[in-house]
Amino acid sequence: MARIIVVTSGKGGVGKTTTSAAIAMGLAKRGHKTVVIDFDVGLRNLDLIMGCERRVVYDFINVINGEANLNQALIRDKHCNSLFILPASQTRDKDALTLEGVEKVLEELSKDFKYIVCDSPAGIEKGAHLAMYFADDAFVVTNPEVSSVRDSDRMLGIMASKSRRAELGMEPIKEYLLLTRYDPDRVEAGEMLSLEDVQEILSLHLLGIIPESKAVLNASNSGTPVILDEKSDAGQAYADVVARYLGEKRPHRFIDSKKGFLRKLFGGK
Ligand SMILES: Nc1ncnc2c1ncn2[C@@H]1O[C@H](COP(=O)(O)OP(=O)(O)O)[C@@H](O)[C@H]1O
Ligand SMILES: [Mg+2]
């Protein structure tokens, strides 16, 4: 049986697709057979970030409609043999995703994969609902801004009441916080919420802090998940996230601003 992870947020542009690509690659690199599914029908960002956009022939909706089987639609990652991508359709309308269709695909993937990572679209509409409905674990991607925290909070409410686990009275979805695009200097300057502020509102288990980083744009331009850029801060932060998810203890990094760090070093306040 696979473990189904949804990468969700409510708000768009916070780093869900970046995160989905990075953690799917991270899990696969550790030898776990992993598939990452793009639920964002119409946008189709994931295959660009994974660098496989030219190889898309069939997509998730073709499989749901029975126009192709999973083997025809799954794309093996070019960097890692244990990673597969199920792309979204760029042209179909969002109604083509159905609960029964998604369930069938997830059940079939479950037989073969250890982890299924669902990259959720923004919002709380159908696509986002379907991406989270069957999840076992949720990575709640949040930026240190009031609007992002508010939308994440809303998504937590929906997961607690409208997921399959909630409907069947099962153990709830395990929720983890991923604070992304964190800029310690701007937090220090009071322009962004601090980690403590965010945790106070959401009170979730913190899986990691991903710093605002140029490496993310470089990675997406070159079609390689940023976790493969092992020298970069964001790449290392995502590697820590995967390790923590798998049960390793790693101290949190990338929290302090350089100024704050120097002050601490020299014993100031
Ligand atoms: N840690 C980060 N540092 C800098 N830019 C980031 C970071 N994470 C995401 N981005 C950028 O933010 C934008 C939105 O990211 P994306 O992963 O597509 O978000 P979503 O899937 O939530 O809409 C992209 O341009 C991406 O390159
Ligand atoms: Mg996205």
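**View 1. Ligand 1 and the residues around it.** Let's start with the ligand. In this predicted model, ligand 1 is surrounded by 13 residues, and the closest are G13, K16, T18, R181 and S213. Sorted by class, that shell comes out as six polar, four nonpolar and three charged residues. Two elements give two or more residues to the shell, namely helix 1 (16–29) and strand 8 (205–211). Helix 1 is the top contributor here, with three residues.

**View 2. Backbone atoms that meet ligand 1.** A backbone N or O atom of V14 sits 3.1 Å from an oxygen atom of ligand 1. At G15, a backbone N or O atom is 3.0 Å from a ligand 1 oxygen atom. P211 brings in the other kind of ligand atom: one of its polar backbone atoms lies 3.0 Å from a nitrogen atom of ligand 1. As for cover, ligand 1 on its own has 560 Å² of accessible area, and the protein covers 79% of that.

**View 3. The largest pocket, with ligand 1 in place.** Now for the space itself. Ligand 1 takes up the largest pocket, which holds about 430 Å³ of space. Its lining counts 24 residues, and those nearest the centre are G13, V14, G15, T18 and R181. Helix 1, strand 7 (174–182), strand 8 and helix 11 (214–222) are the elements that give two or more residues to this lining. The lining of the largest pocket splits into ten nonpolar, nine polar and five charged residues.

**View 4. The second largest pocket.** Next stop, another opening in the protein. The second largest pocket has a volume of about 310 Å³. Of the 15 residues that line this pocket, P184, F254, D256, S257 and K258 lie nearest its centre. Helix 9 (184–188) and helix 13 (258–265) each supply at least two of the lining residues. Take the lining of the second largest pocket by class and you get seven charged, six nonpolar and two polar residues.

View 5. The largest cavity has a volume of about 40 Å³. T18, I49, V216, A219, S220, P225 and V226 make up its lining. Helix 11 provides the largest share of that lining, three residues. Five of the lining residues are nonpolar and two are polar, with no charged residues among them.

View 6. Finally, back to the opening question. At the start of helix 11, a side-chain oxygen of S213 reaches to within 3.0 Å of the backbone nitrogen of A215. After helix 11 comes G223, and its phi is positive, near 65°.

Conventions:
Residues numbered from 1 in each chain as written. Chains lettered and ligands numbered in written order. Predicted model: local features only at pLDDT ≥ 70, side-chain atom pairs only at ≥ 80, totals over all residues. Heavy atoms only, no water. Near = heavy atom within 4 Å. Polar contact = N/O pair within 3.5 Å; in protein donor to acceptor, adjacent residues only side chain to side chain. Areas by Shrake-Rupley, 256 points an atom, 1.4 Å probe, with all protein chains shown as cover. 1 Å grid on protein atoms, 1.4 Å probe; cavity = no way out; pocket = protein on both sides within 12 Å on 5 of 7 lines; lining within 4 Å. Sits in = over half its atoms within 2 Å of the grid points. Helix = DSSP H or I, 4+ residues; strand = E, 2+ residues; numbered from the N terminus. Nonpolar A, V, L, I, M, F, W, Y, C, P; charged D, E, K, R; others polar. Points joined across faces, edges and corners; volume = space filled by probe spheres on them.
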